[in-house]
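Hi there,

Here is the structure I promised to pass on. Please have a look at it first, and then read my notes below.

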Amino acid sequence: MKKLIVANWKMNPKTSDEARKLFLGIEHRMHFFNDKAQVVLCPPFIYLPQLSLYSHHIRLGAQNLHAKDSGAFTGEVSVAQLSGLRVTHVILGHSERRIYFGETDSQVREKIEAALRHKMIPVVCLGGDPKASKGTMKRLVTKQFKAAVNGLDKKLVGKIIFVYEPIWAISTFKNAEPATGEHAAELTLHIRDLLEKIVGTVHAANMPILYGGSVNKANVHEFSKFPTIDGALVGAASLDSDNFMTVVKEFHRESIHKT
Ligand code: PGA
């Protein structure tokens, strides 16, 4: 399985010119790494049409979608509209969506189903509840996981990419600190155990499970060295192509090392 590194640009950068330069700074270097690593880049919606013209090695993802295919939903973007722009992935259940926009587990679930209906891959974040402490993370992850998949056809569950992203590790949150590699490895393993019960051991072993929260060039090895962590969801560090490419390189290096 290729390592997977998902870039979450959030509401950055400010201009389409900056977006193009940043994108090309990554795209042009990806041919060295795409044998063992896949990058999915999730810019703001507004840059997707432009960036889809330049993407060869990089896949494009969205940061949100509306669960309905069409209708009177001012300010929203549907999955049907996104698929027309060569968008293959979508980040769902992110802490910032849950906290600042009040997204509930059941809304996240509706969006997952909408994405899957259109053959788009949901990248589902688990760990986004400000009330959860380090000690209660496993319980929270289990609850959010179940809300995301219970009752869903197991073939569809098998298409979802899960990310363990504890809210306190996201770089822009107050007093953020990255998880330790051991903690991230333990929780990604826990997610794999949950998946095994639904899709079976063989299939679960081939599903990428990522860690997210303050991953950057300085600490990536702390996570990439664990075989149970198949990649990362990267926010702030993805806004600097050198920083981001070091993260990609490190996962790539580990992958070569282990095969
Ligand atoms: P961060 O963001 O890498 O800046 O912590 C990750 C995310 O919010 O997805």
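**Rings, charges and one glutamine**

There are five aromatic pairs in the structure, which is a predicted model. One of them joins Phe32 and Phe33 in an edge-to-face arrangement, with 6.1 Å from centre to centre and 70° between the planes.

Another pair is made by Tyr164 and Tyr211. Their planes meet at 50° and their ring centres are 6.4 Å apart, so this pair counts as tilted. It connects distant parts of the chain, as Tyr164 belongs to strand E6 (residues 161-164) and Tyr211 to strand E7 (residues 209-212), 47 residues apart. Both tyrosines, Tyr164 and Tyr211, are buried, and together with Phe223 they make up one aromatic cluster.

Rings also meet charged side chains here. The charged end of Lys134 is placed over the ring of Trp168, 4.6 Å from its centre. Arg97, in turn, lies over the face of Phe101, with 4.1 Å to the ring centre.

Is Gln38 buried or exposed? Its relative accessible area is 16%, which is under the 20% limit, so Gln38 counts as buried. A polar atom of the Gln38 side chain lies 3.3 Å from the backbone oxygen of His57. Leaving aside residues up to four places away in sequence, Gln38 touches Lys2, Lys3, Leu4, Ile5, His57, Ile58 and Arg59.

Definitions and conventions. Residues numbered from 1 in each chain as written. Predicted model: local features only at pLDDT ≥ 70, side-chain atom pairs only at ≥ 80, totals over all residues. Heavy atoms only, no water. Buried < 20%, exposed > 50% of the residue type's maximum accessible area, 1.4 Å probe, protein only. Polar contact = N/O pair within 3.5 Å; in protein donor to acceptor, adjacent residues only side chain to side chain. Contact = heavy atoms within 4.5 Å. Phe/Tyr/Trp six-rings, centres within 6.5 Å; stacked < 30°, edge-to-face > 60°. Helix = DSSP H or I, 4+ residues; strand = E, 2+ residues; numbered from the N terminus. Lys NZ or Arg CZ within 6 Å of the ring centre and 35° of its normal.
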